[in-house]
There are 2 protein chains.
Amino acid sequence: MEKIQVDNALVKQFRLLLQTENIAELGLQLSQMYAQDIAMLINRLPIDESREILGLLNKDKVIKVLVNMDEEDRAQFLSAYSPFEIADKFIEHMDSDDAAYLLNNLPNKIKEDVIGQLQDVEYASSLLSLTNYEENTAGSLMALELVKVRINQTVAECIEEIRTQDENVDNIYVVYVVDDFGRLMGIVTLKNLLLAKYDLKVSEVYNTEVIAVAASADVEEVANLTKKYDLVVLPVVDVLGRLAGRITVDDVVDVIKEEADEDYQLMSGITSDVDPTDSVFDLAKARLPWLIIGLLGGIASSRFLGMYESEIQIHPEMAFFIPLIAAMGGNVGVQSSAIVVQGLANDTLGTKNIGQKILKELRLGLFNGLICALLILAYNLIFNDSLELALTVAIALITVIIFASVFGTFIPMFLNRVNIDPAIATGPFITTSNDLLGIVIYFSIGRMLYQTF
Amino acid sequence: MEKIQVDNALVKQFRLLLQTENIAELGLQLSQMYAQDIAMLINRLPIDESREILGLLNKDKVIKVLVNMDEEDRAQFLSAYSPFEIADKFIEHMDSDDAAYLLNNLPNKIKEDVIGQLQDVEYASSLLSLTNYEENTAGSLMALELVKVRINQTVAECIEEIRTQDENVDNIYVVYVVDDFGRLMGIVTLKNLLLAKYDLKVSEVYNTEVIAVAASADVEEVANLTKKYDLVVLPVVDVLGRLAGRITVDDVVDVIKEEADEDYQLMSGITSDVDPTDSVFDLAKARLPWLIIGLLGGIASSRFLGMYESEIQIHPEMAFFIPLIAAMGGNVGVQSSAIVVQGLANDTLGTKNIGQKILKELRLGLFNGLICALLILAYNLIFNDSLELALTVAIALITVIIFASVFGTFIPMFLNRVNIDPAIATGPFITTSNDLLGIVIYFSIGRMLYQTF
């Protein structure tokens, strides 16, 4: 099996093979490709050609490809099957976490019908409970397939258990040790078992050092635990401490990537997770709220500037630097807030309390503000005649930068204190408020200075 | 062992125990804590108290804590030791990837001295080659510790190999199968070995499906392979295909998180990876370049507005909406570019080529622009007398939003085409250029409309 670059050339080649109905060659090529690569190929093909490709794969591979396909393509693909067929052909043969994920992406009615059509009633009931976990909880991410042994079994019995339970579990990693009530007591690694004498008891070779997570815990906690303690698999326990399932690191990696993508989008003024392939309407829905905030900020600015109409008429040159002041306030505010938001998320703010943090940003603002103010002062003294203007712009700029630094630091910290996600404080929100702040400072200082000279 | 919330209360408690020299209680508490938690505790203590804590730990735990400490704290801590002590007390007992990481964070001179002081010459030579890999390559991330067997050995010999090689490898995951030249041929899982007959040959039970990466590959490729193929460990091969080391998923998770953090900072106008705990000067160095870009953009805006001095004098109300127009252009530009930058990074842009993408953004811009323009038109018709102004602002706004959408999409795609990191196109760069673009459009339209009416 080869990992293959899924590029335009490959897509072209496959479409040609499909058109010429060269089934032998198609089958050969597909058999040498990883399911992930086939999914990427399928994402780039029209739906009818995708169906043909999937029809050429064996059952195991179809399932793997399905899990890796684009959501929309998968929905379209599955829509051609009855609930019974979906249950019988696909869900029945999937790992429980993949099955739950796929089911949760189906309309509620179809999801229930599919579960109702499953042959294995026990599996159906497990899936039903899995799909009932709230989104973004550890429970919603876990798989039920795992290998467990009771603490009073022997190593030999334990190996026999692995042999029996084996077919359901792709990667074992560790064997969980439970008591008679199913409560998680510890783990045995395969290495332990491989090297231990057969007649030893599990209780003599097992390790009590095991980090577990509650089924109701947020996926963010799952990600933090996995990252911090370098885990490859994390057991999930119910409220009674009983082993309920396990989360493997590959799913955690996906969570970490998704959360980072969402933060990035939030920072750029996009509220919900969207892909470039989403519809224009979905994209607009995610972006418009922030644009409206910007619009309101702009209206507020215009009302404030309205109070300075006569100044602008007498000194139109003041208006020339409105964009500069507004932009700098916005930029500095975003920089400060981004660092704080990230520090809060990664828990790297250290010992410094809010007061010390703000003091540091104040010093940083003073430093950056001073440099920028001197640059703009020099520019205006050289290229503009008005001393009042030069002083107004320079003094306003340093003031705006300092204020924006402090506000950018304070607002996310404050939001965090009152349990609001500080990430909403970055991006358009901070830009808009600092735009407004900048203009207020600029014109207030300008009026004072022009009156003084 | 318990995972513990490292909060202010815990820090206070430990400082009290240190002051009262309650060594027994300190030792007890520390023995029940994970190294990662001790590292978090130490990050919050003054350096002399950190040293006391580390002095109370056994050798294995000190090493784990060291790897998890803040870079600065670790440097300060190690500065009290001679190169010989660093080699003898710490490096000698570490996994090669951790040792290389720690060594690469030391000044070059000290790094070489430390390696020169290592007792085990073979290990020293391996470490030297590990530390010589370029930053951000697979080689710089890999560990040399792994379990490998030759393809012509038996299962029994293989288990014996694990027993022998075992002490060097924390988590085995899989056993690598190599030929007589050390070239990677495939893998055997521990499960395979556990369930196989002892007299079988490795060649009869091994799996040739193994994804490997070249030592010179970028860490981004390592992250992408791990994420795509759901790997927990990735073998690294040299140019001759020989097994050189392996990268475990915990290190890949760190890479993914760091890259996401860097993208987030770049988006907010911060060029190099900084922490809130970095010095004011380091922070300023990372932020000033983008502020200077903003400054230059602001100066360009002021020069452009200078050409409209008489218009502003006659119609000062035009100046009122400068912040609105500039902000909206910036916001829309950031939204569009963020989606493209993310799509490029995640390879989710699908089949759509540049032309189709821009067309879609054009439609989205038209939609969002229309809504925003209608809102501002309604506002101005109700609250302002001037029809010219109301029309100018509305028409300029929709034009600016459409232009900013298209530019925001086009610029990162263009940069990507010419092999420049498109991420630099987001944040201050796009905001500044769209500010300027917005003002040019606004005043050009304004002049036309005012002359027409």
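**Entry 1: a position in H20(B)**

I started at Val340(B), which sits in helix H20 (residues 322–346) of chain B. Helices here are DSSP runs of H or I with at least four residues, strands are runs of E with at least two, and both are numbered from the N terminus. The model is predicted: local features need pLDDT of at least 70, side-chain atom pairs count only at pLDDT 80 or more, and totals for chains, interfaces and linings use all residues. Residues are numbered from 1 along each chain as its sequence is written, while chains are lettered from A and ligands numbered from 1 in the order in which they are written.

Is Val340(B) buried or exposed? I found 26 C-beta neighbours inside 10 Å, so Val340(B) counts as buried. The cut-offs I used: buried means 20 or more other C-beta atoms within 10 Å of the residue's own, exposed means 12 or fewer, partly exposed is in between, and C-beta atoms are placed from the backbone. I also looked up Thr426(B), 86 residues apart from Val340(B) along the chain; their C-alpha atoms are separated by 9.7 Å.

**Entry 2: positive phi outside glycine**

I noted Asn419(B), with phi near 60°, a positive value in a residue other than glycine. Asn419(B) belongs to the loop between helix H22 (387–417) and helix H23 (428–452) of chain B. With 7 other C-beta atoms within 10 Å, Asn419(B) is exposed.

In chain A I noted Glu21(A), a residue other than glycine whose phi is positive, near 50°. Its loop runs between helix H1 (8–19) and helix H2 (23–31) of chain A. Glu21(A) has 9 other C-beta atoms within 10 Å and is exposed.

**Entry 3: strand S5(B)**

How many residues of strand S5 (residues 233–237) of chain B are buried? I get 5 of the 5, so S5(B) is largely enclosed by the rest of the structure. Val233(B), Pro235(B) and Val237(B) point one way from the strand. Leu234(B) and Val236(B) point the other way.

Next I checked the pairing, which requires at least two DSSP bridges between two strands. Strand S4 (residues 213–214) of chain B pairs with S5(B) in the parallel sense over 2 bridges. Val213(B) has Val236(B) as its bridge partner in S5(B). S5(B) is also joined by 5 bridges to strand S6 (residues 243–248) of chain B, and these two run antiparallel. There, Val237(B) has Leu243(B) as its bridge partner. S5(B) and S6(B) make a hairpin with 5 residues between them. In the turn, Gly241(B) has a positive phi of about 85°.

**Entry 4: the three-stranded sheets**

In chain A I traced an open sheet of 3 strands, ordered S1-S2-S3, with mixed pairing. Which strands stand at the edges? They are strand S1 (148–150) and strand S3 (184–189) of chain A; each has a single partner strand, so one side of each is left without a neighbour in the sheet. From one strand to the next the twist averages 35°. For this angle, axes are lines fitted to C-alpha atoms (for helices over the stretch in contact), and angles run from 0 to 180 degrees between N-to-C directions. Strand S2 (residues 174–178) of chain A and S3(A) run antiparallel, joined by 5 bridges. Tyr176(A) stands opposite Ile187(A) in S3(A).

I then turned to chain B, where 3 strands form an open sheet in the order S1-S2-S3. Strand S2 (residues 174–178) of chain B runs parallel to S1(B), with 3 bridges between them. Val149(B) has Val177(B) as its bridge partner in S2(B).

**Entry 5: how the chains meet**

I counted 100 residues of chain A in contact with 101 residues of chain B. Contact means C-beta atoms, placed from the backbone, within 7 Å. On the side of chain A that touches chain B, helix H17 (residues 280–306) of chain A gives the largest share, 16 residues. By class, that side has 55 nonpolar, 25 polar and 20 charged residues. Ala, Val, Leu, Ile, Met, Phe, Trp, Tyr, Cys and Pro count as nonpolar, Asp, Glu, Lys and Arg as charged, and the others, Gly among them, as polar.

What superposes chain A on chain B? A rotation of 180° with 0.0 Å of shift along its axis does, at RMSD 0.1 Å. That is the relation of a two-fold axis. In chain A, Gln313(A) has the C-alpha nearest the axis, 2.4 Å from it.

Terms used
Two residues are in contact if their C-beta atoms, placed from the backbone, lie within 7 Å. Copies are superposed by least squares on the C-alpha atoms of residues with pLDDT of at least 70 in both.
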